[in-house]
Amino acid sequence: MKDFQLENRRYVIAGVAIAIVLIYIVRLFTLQIMSDDYKKNADSNAFLKKVDFPSRGVVTDRTGKLLVYNQPSYDIMVVMNEAKDHIDTMEFCNTLGITKEYFDKRMEDIKDRSKNPGYSRFTQQLFMSQLSDQEFSVFQEKIFRFPGFYIQKRSVRQYNYPYAAHILGDVAEVSPSDIEDDDYYQPGDYIGKLGIERSYEKELRGVKGVQILLRDAHGRIQGRYQDGALDTKPVPGKDLQLSIDLELQALGERLMEGKIGSIVAIEPSTGEVLCMVSSPTYDPRTMTGRNRGKRHKELAENPFKPLLNRSIMGQYPPGSTFKTSQALTYLTEGIIGPGTSFPCPHGFRYKGLHVGCHGHASPINLIPAIGTSCNAYFCWGLYYMLGNRRKYGSVQNAMNTWRDYMVSMGFGYRLGVDLPGEKRGLIPNADYYDNAYNKSWNGLTVISISIGQGEVNLTPLQIANLGATIANRGYYYVPHVVRRIKGQPLDTLYTRKHVSKANRRAYELVVEGMRRAVVSGTCKAANRGDYLVCGKTGTAQNRGHDHSVFMGFAPMNSPKIAIAVYVENGGFGADYGVPIGSLMMEKYINGKLSASSEQIATAFQHKRIRYGKADR
């Protein structure tokens, strides 16, 4: 007879033994295969992986002037697993000119994974960045007293000139989100934050290299592991040549001193941005070094928002510059012809609605209507287009046809300029007005969009691009500020033609009207004898003083430059927009200003517009 109690006991003992063996196996597997803690510990005792940072790509303007370059800089790194508690903290702080409180807080912040998600006690962590040559020399002499601390050489950005801050941008230390988004970065690395430094970060940053150094039991460096056979060399970042003309940019910033607004100039044949001025601006040379954060905070708190790139982020009513797009649409759709005349008894008057206009001949046809900037002419054009049921069937279909023309000209959506933060502006469609007016609206309801008011908003870049499209008689290239990337072609986005829905004949007539505006109309201050200028003014209504706008191009038949000038609260387009635009075109086409033009430039440089809280 079997002893079942003994038999059961045997199974229990066997089960316990098997469980213990399984636990050991799982634990060994975890330690040796799944976890790299011991490997890291062993590696950190034997090796030091030293990152070699690549030099960031340099930046030049279209003529080869050096705008952005690199200077050597030194960071202090710490390996927490090696840092000894018994180092002389006061001597360490005195050597670097920091307080004990700063030292303690910095060491705690490094270990705080919420602030430093890539933290490892076995790898180098940034303690202090961008030491000056003098600070580096003093610390280097005493570094043997501070085990676990190392010096890492890298480069920092330097900006050669006080111009083009919104285009160039700057670099700063990576944030936790930057590290999470891209495993290229480690705490203490730098990344482009604004301008081309951000939009071309991957091209500019290069590729890091690594040196594997061998250490003895006391942590002393004994040389390169396997004579450097496993080291990798850093790959420098790609150099960029911008399309910006530095001298033109400098003139634009000078002319916009004391004013809020923007100047954008484009080469029509390529879409290259020749200058992009946003005012107020700041000196990019002040956004470097350890004081960068303090300076950025000051600019961010400035009520006039100097960090805002108004050229691509400002969304404004385009005013009468928009009338050119209306003429193109009406002509191509057959709503008007070059000989079509409309009455203008000091404005558009119909069924109790009145849109005012200045005095001029009446009735008036297309060419002089553009030249004198007649409001009534373009109001009548939109009224007849949106009311043409025979052609479109409904006001909604007519409105969406109008919208399609505007989109084809580069409005209503981001153009795609190679800078961060571009806004799309606003071009309304039928759904927009159906929702706003419960489907009870007509051409009279929305008549103000025909003269660039009402719901229509454009960026200065879009207004300049309109000028470039008219200069090209019907097509444009997406505006871009980078002309060449060393060893790499430009994105095809910037080399493809975008063709407008309006026809060539319509563009020729609009060019003729813009020429009339310069010869005998609202842009007479831009008329010259050495080349032919075409232009269109705008006076954009505002709750305060009106905005002064100008859009034009030159020379008429071989355009080299298209330009938009937008001066907030500058009054009539002829007050600020036309003279500033004329000076900018002269500078680019002739390479310099005449003596008389230089006097005008100096006068405008010292003109100031008073802005109150409502204008900010």
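How many nonpolar, polar and charged residues does the lining of the largest pocket have, by class? The lining has 15 nonpolar, 11 polar and 13 charged residues, where Ala, Val, Leu, Ile, Met, Phe, Trp, Tyr, Cys and Pro count as nonpolar, Asp, Glu, Lys and Arg as charged, and the others, Gly among them, as polar.

The model is a predicted one, in which local features need pLDDT of at least 70 and side-chain atom pairs count only at pLDDT 80 or more, while totals for chains, interfaces and linings use all residues. Residues are numbered from 1 along each chain as its sequence is written, and side-chain values use heavy atoms, with hydrogens and water left out.

The volume of the largest pocket is about 870 Å³, and among its 39 lining residues S129, Q130, V156, E173 and Y190 are the closest to its centre. A pocket here is an open set of points on a 1 Å grid over the protein atoms alone, where a 1.4 Å probe fits and protein lies on both sides within 12 Å along at least five of seven lines; lining residues have an atom within 4 Å of a point. Its volume is the space filled by probe spheres set on the points, which are joined across faces, edges and corners.

Turning to strand β22 (residues 561-567), seven of its seven residues are buried, so the strand is largely enclosed by the rest of the structure; buried means under 20% relative accessible area with a 1.4 Å probe, protein chains only. In a regular strand the side chains alternate between the two faces of the sheet. In β22, I561, I563, V565 and V567 point one way and A562, A564 and Y566 the other.

Strand β22 runs antiparallel to β11 (residues 261-267), to which six bridges join it, and antiparallel to β21 (residues 547-554), with seven bridges; strands pair if DSSP finds at least two bridges between them. V567 stands opposite G261 and is also the bridge partner of S548. A hairpin of six residues joins β21 to β22.

R473 lies in the loop between α19 (460-471) and β17 (475-477) and is buried, with a relative accessible area of 9%. Its contacts (heavy atoms within 4.5 Å) include F553, M556, N557 and P559. The side chains of R473 and N557 make a polar contact at 3.3 Å, that is, a pair of N or O atoms within 3.5 Å, one able to donate a hydrogen and the other to accept it.

Conventions:
Helices (H or I, at least four residues) and strands (E, at least two) are DSSP runs, numbered from the N terminus. Buried means under 20% relative accessible area, exposed over 50%, partly exposed in between (1.4 Å probe, protein chains only). Lists of a residue's contacts leave out its neighbours within four places in sequence.
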